[in-house]
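Please keep the sequence and the structure in view while reading.

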Amino acid sequence: MNAALNVERSVSGQPWRWRRAGEAGLTPDPLVDELLLARGVERDDLARHRSPTIRDFLPDPSCFQDMDKGAQRLADAIEAGESIAIFGDYDVDGATSAALLVLLLRRLGVEPMVYIPDRLMEGYGPSGKALVELKDQGASLAICVDCGAQAFEALDEAKAAALEVIVVDHHQCASRLPAAFAMINPNRLDESALGATHGHLAAVGMAFLLGVALLRELRARGRFVGDRPEPKILDLLDLVALGTVADVARLKSLNRAFVTQGLKIMAARQNIGLSALADAGRLVKPPSCRDLGFVLGPRINAGGRVGKSDLGVRLLTATDPEEARTIAAELDRLNEERRAIEMLVTEQATEQAAAQADAPLILVMSGGWHQGVIGIVAGRLKERFGRPAIVIAECEDGTGKGSGRSISGVDLGAAVLAAKDSGLLIAGGGHAMAAGLTLPPAGLEPLREFLHERLAAGIATSRDGRALLLDALLAPGGVAATLCDALDAAGPYGAGWPAPRVAAGPARLLRTSIVGDGHVRGIACGDDGKSFKWIAFRSAASELGQALLASPGDQKWWLAGTIKRDEYQGGDAAEMHLEDAAHA
């Protein structure tokens with residue numbers, strides 16, 4: 001493939017390629033269509049993707065294994081007045097999944113019990129002790145959300161205690177399934193062909209589909225008559241959008257519809273807790289996809305990471321505005337505490353990782369690292385070193401709690417599950433891009449050897465094929481706010497649906513400087529005198545940042561990145577968030 005702009009090796013050491021090569025004999029497509037086609041949309045399916053709706057993308061929930069069985073059991077429990085418990089994970093996907101079911105059940109006249117485990121004291125997933133405790137408190141049916149796919153012992157104990165459990169999860173499954181009454185998971189190995197195409201859904205998306213199936217079942221039973229109207233489940237799409245984006249689920253097909261429509265619901269501020277959280281995060285405009293991932297999501301997560309694990313669910317299901325404001329303020333404070341802890345652990349982990357620069361996978365471990373931030377730190381290492389990274393916090397008994405993040409094309413969840421099946425881990429699992437594990441004492445080096453052997457070839461292939469993909473070429477004067485509007489029309493953007501990346505130039509660099517926390521900022525000016533502002537975040541110590549800062553005044557550059565509105569102090573100009581550069 002020919003290099004875009006003849007850039008075979010940029011400042012950051014990678015070639016540039018056009019995301020979509022032009023089709024011979026065809027005139028250029030309108031910008032939105034071009035962006036959609038470049039992201040894998042078939043030409044005859046463009047209309048559906050230009051404005052993704054739930055109606056156009058929602059599958060029949062019955063296509064998923066055990067969906068009807070689970071919906072029927074839940075409907076039976078509602079009609080019989082049984083006590084229902086919801087067991088959720090402590091992250092955003094778990095919190096939104098649990099909150100969605102709580103709010104839906106409330107609208108059906110049921111107030112369920114909610115149990116969110118403590119990350120440090122209980123760890124990930126349901127425990128037999130917790131499920132039996134829910135049974136002792138009167139629950140006859142429990143719904144595990146965003147967990148349970150690997151909970152063999154816990155569900156055996158629940159079954160022995162006569163507690164029926166519906167699992168709503170999306171993590172990878174083994175060939176043998178736990179003893180759940182219903183296992184609703186698109187990543188079951190025996191999933192239907194149609195159901196398996198939705199393996200990219202977050203747990204909150206699967207919880208929404210269970211809600212759809214439940215309402216359909218109750219409708220068929222004649223429940224919604226007279227003074228019992230059918231609840232509007234579409235009103236809960238704000239929770240689905242938040243959980244989907246925060247869990248870094250790929251924003252394609254149904255997920256993109258979930259987020260597109262969910263952002264509209266969120267803009268109306270119907271959820272008291274989300275409204276309070278937006279205020280705590282200083283969001284004055286309707287939230288964007290980026291706000292879900294970088295403002296709201298981290299604050300919900302902070303409760304599970306360094307505070308009380310149930311704060312997120314309590315906020316999202318709050319009915320009292322004052323209580324919501326109090327919880328949101330506490331989550332905001334905990335998020336600041338989390339950031340300080342994260343910075344310290346990242347610094348220490350980076351020092352270890354630097355010694356593994358030639359290894360296919362980064363694997364670091366230390367005592368004293370807070371388990372609540374190791375997943376974030378793994379993500380930081382992955383971005384810095386361009387390879388999968390696993391960060392393990394060593395416990396006092398010599399075991400380790402680890403969290404990993406992967407790169408495109410490398411299935412880390414499957415590798416961790418294989419390590420568990422090989423006896424190298426006490427527990428482990430996840431999905432392609434993220435995984436968690438529990439390491440036995442003295443188990444670090446055997447795990448490292450196993451993962452290197454299993455993943456080295458795939459990581460090498462992924463890294464060798466690395467290239468900066470560009471969607472368009474602009475003259476310096478083309479970097480404008482009106483372009484932002486045009487680009488936004490093909491959004492929302494996120495994991496699996498990347499924001500448009502453009503190249504602009506050729507241009508000279510003016511007034512380059514270091515600002516803030518190691519950011520490099522400047523102005524790019526073309527031969528026609530048109531200019532635009534740019535900023536390269538956290539790049540001052542990198543090759544890119546150093547090259548930009550040292551650029552002679554007469555050197556011309558191609559600059560590549562995303563175009564964003566610069567709304568600082570009420571402005572409406574555009575600037576480039578710079579990712580790479582090359583000599584023109």
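Strand 2, helix 5 (residues 92-107) and strand 3 form a right-handed β-α-β unit, right-handed meaning that, with the strands pointing away from the viewer, the path from the first strand over the helix to the second runs clockwise. Helices (H or I, at least four residues) and strands (E, at least two) are DSSP runs numbered from the N terminus. The model is predicted, so that local features need pLDDT of at least 70 and side-chain atom pairs count only at pLDDT 80 or more, while totals for chains, interfaces and linings use all residues. Residues are numbered from 1 along each chain as its sequence is written, and side-chain values use heavy atoms, with hydrogens and water left out.

**Pairing of strand 2** (two strands pair if DSSP finds at least two bridges between them)
- Strand 2 runs parallel to strand 4 (residues 141-145), with five bridges joining them, and isoleucine 86 stands opposite isoleucine 143 in strand 4.
- Three bridges pair strand 2 with strand 3 (residues 113-115), again in the parallel sense, and here alanine 85 faces methionine 113.

**Burial of strand 2** (buried means under 20% relative accessible area, with a 1.4 Å probe and protein chains only)
- Because five of the five residues of strand 2 (residues 84-88) are buried, the strand is largely enclosed by the rest of the structure.
- Ile84, Ile86 and Gly88 point one way from strand 2, whereas Ala85 and Phe87 point the other way.

**Asparagine 271**
- Asparagine 271 lies in the loop between helix 11 (253-267) and helix 12 (272-280), and is buried, with a relative accessible area of 9%.
- The side chain of asparagine 271 reaches the backbone nitrogen of glycine 273 at 2.9 Å.

Note on methods. Buried < 20%, exposed > 50% of the residue type's maximum accessible area, 1.4 Å probe, protein only. Polar contact = N/O pair within 3.5 Å; in protein donor to acceptor, adjacent residues only side chain to side chain.
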